[in-house]
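Trainee: I'd like a close look at the aromatic rings in this one. Please walk me through them slowly, and show me what lies around them.

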Amino acid sequence: MIISRQKDLQVLFEGLSPDDSFFVIGCGKCAKKLRVGGQKEVEEVFWRLVDRGFRAVGWYVISTACSINSWEEIASEKPEIDDATAFLVMACGNGVSVINRVSGMKAYPLLDTTSIGGVCDDYMLHEQCAACADCNIHLYHGICPYAQCPKGLQNGPCGGSIDGVCEIGSERSCVWAQIYEEAEKSENLEVFTEFHPPKDHSKKVRREGLIEKI
Amino acid sequence: MDFKRKIETGKLVVTTEVAPPRGTDTTLLIEEADLLSGCVDALNVSDNQRSIMRMSPLGVAHVLQEQGHEVILHTTCRDRNRLALQSDLLGAWNLGVRNILAMTGDHPLLGDTMGTKPVYDLDSTQLLQAIQNLNRGHDIMNRRLDGGTGFMAGAVVRPDPNDKMQLLRLKRKVSCGARFIQTQPVYNTEEFKEFIEKVSHLNTHIIAGILPIFSLKTVKFINDKLPGIIIPQEVVERIKNSTDPAEEGIELAAETIKKLQDVAGGVHIMPIITHQHTEAILKRAGMLH
């Protein structure tokens with residue numbers, strides 16, 4: 001799941017042109033689940049646009065904004081989309097990018113994408129994966145320090161980890177304290193005794209900008 | 001005898017810390033360093049400490065060495081990737097720097113330059129290993145260099161005998177080449193002794209951190225800005241009740257040093273603003289003759 005949060009709409013609206021006709025697009029997957037891009041939120045933005053005097057021509061929640069086979073299909077569901085000159089997209093950056101690519105229209109993001117995470121028992125789990133293209137999460141008892149430690153440390157905590165709390169804020173627990181807890185439970189402290197070499201960042205960089213056939 | 005030789009031969013060392021200027025004016029830096037001439041073995045030069053932007057420690061190291069001081073160059077992983085760290089280390093060696101303190105570095109969110117991208121391409125253990133490579137005449141990819149380094153590398157630790165993770169991390173730092181360890185400030189000497197007992201099997205030289213307290217303002221600074229450092233109430237009371245808090249601070253620091261002399265491999269004095277009392281502390285502790 002891609003974790004996103006809504007931008008400050010007040011600030012965003014100030015940057016919009018009154019000459020445009022806006023169509024609001026949501027996403028039925030992650031954004032809907034996180035309640036930042038489902039029908040309720042999309043409608044709310046639509047009516048706020050209307051209240052602010054913008055020309056708002058319609059709204060639609062695409063089933064998966066980052067996976068669109070045919071733009072024509074979407075356009076046929078909502079013919080008023082053709083009257084729009086700009087889209088306001090309530091999806092992650094992937095969704096905005098794909099919509100922009102398939103529609104060829106100007107698309108403004110209404111969300112800020114923050115991480116790859118998950119939802120568990122109604123709690124949002126941030127930063128579960130850093131998409132590093134070099135996964136070794138099994139070494140860390142299923143908790144990725146590269147994603148969850150603000151410094152991405154792979155060889156144990158920094159000196160700022162005190163009583164299980166991260167140095168950047170008392171509300172954040174140190175991911176290494178969680179890893180330690182799991183390591184103790186499984187009576188295997190190898191992750192703290194083995195040296196982990198620097199990460200190979202070339203694995204990630206090699207895929208940037210590539211478009212591959214599935 | 002230089003710092004490296006003292007570490008190699010297990011001698012008691014005295015180090016201290018100077019902060020690079022927040023600008024190009026090095027007058028105060030040189031004045032502070034001059035207060036330490038003949039008192040200490042080496043001066044630590046911090047690297048954008050607490051993520052507050054200051055002059056490059058390499059530039060400061062050069063200035064201090066020109067003045068005849070030996071330095072321990074702080075090298076953090078916060079601002080430079082493995083390319084930059086290695087090339088800076090090669091440059092440091094050529095400028096005459098012989099001692100490196102390898103650290104991960106405080107997160108930029110704690111600092112003064114909002115929006116900074118943190119780097120952390122390496123962590124402190126990986127940096128220590130890279131230094132070992134440079135010392136063997138190889139880069140991080142194990143390719144031979146045209147001339148290697150011979151650094152004395154060290155690291156830092158919070159001397160908490162009950163923090164199992166930090167103790168394991170210390171062990172790994174030593175196995176990655178940390179031949180000296182400078183600790184966070186020590187106030188509770190009994191706890192420090194307990195820490196030393198737990199790490200005495202490690203082949204490294206442990207230098208106890210001393211952060212003298214000359215006023216209640218210092219107490220407040222430590223409580224607000226340096227999490228994890230607990231000042232015993234007795235120390236706070238002595239400063240509070242003293243008619244001459246600076247004198248009391250000298251006495252307190254000297255008492256701590258005396259208690260640590262037999263257990264630590266040296267002391268690292270790091271007052272918050274000035275070194276005007278550092279010589280007095282060392283004299284009072286019997287570290288200067």
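Mentor: Let's start with the rule for pairing: rings of Phe, Tyr and Trp (for Trp, its six-membered ring) pair if their centres lie within 6.5 Å, and planes under 30 degrees apart count as stacked, over 60 as edge-to-face and the rest as tilted. By that rule there are eleven aromatic pairs over all chains. One of them joins A:Phe46 and A:Trp47, edge-to-face, with 5.0 Å from centre to centre and 85 degrees between the planes. A:Phe46 counts as buried because its relative accessible area is 10%, while A:Trp47, at 48%, is partly exposed. Those words have cut-offs: buried is under 20% relative accessible area, exposed is over 50%, and partly exposed is in between (1.4 Å probe, protein chains only).

Before we go on, keep in mind that this is a predicted model: local features need pLDDT of at least 70, side-chain atom pairs count only at pLDDT 80 or more, and totals for chains, interfaces and linings use all residues. Residues are numbered from 1 along each chain as its sequence is written, chains are lettered from A and ligands numbered from 1 in the order in which they are written, and side-chain values use heavy atoms, with hydrogens and water left out.

Now hop over to chain B. B:Trp93 and B:Phe151 make an edge-to-face pair, 5.3 Å centre to centre with 90 degrees between the planes. This pair ties together distant parts of the chain: B:Trp93 belongs to helix α4 (residues 82-94), B:Phe151 to the loop between α5 (124-135) and β5 (152-157), and the two are 58 residues apart.

To count, NZ of Lys or CZ of Arg must be within 6 Å of the ring centre and within 35 degrees of the ring normal. Chain A has such a case as well, with A:Lys78 over the face of A:Trp59 at 5.1 Å from the ring centre. And ring pairs can join up: A:Tyr140, A:Trp176, A:Tyr180 and A:Phe192 are linked into a cluster.

A nonpolar core is a set of buried Ala, Val, Leu, Ile, Met, Phe, Trp, Tyr and Cys residues joined through side-chain atoms within 4.5 Å. The largest one has 65 residues, and B:Phe192 and B:Phe195 are among those with the most contacts inside it. Take B:Phe192: leaving out neighbours within four places in sequence, its contacts (heavy atoms within 4.5 Å) include B:Pro159, B:Ile206, B:Leu260 and B:Val263. Apart from that core lies another, of 39 residues, including A:Leu9 and A:Ile62.

Finally, step back to the whole of chain B, with its eleven helices and eight strands. Its radius of gyration is 18 Å, close to the 19 Å of the globule rule for 289 residues, so chain B is as compact as a globular protein of that length. That radius is taken over C-alpha atoms, and the rule is 2.2 Å times the number of residues to the power 0.38. Buried residues make up 55% of those 289 residues.

How values were computed:
Helices (H or I, at least four residues) and strands (E, at least two) are DSSP runs, numbered from the N terminus.
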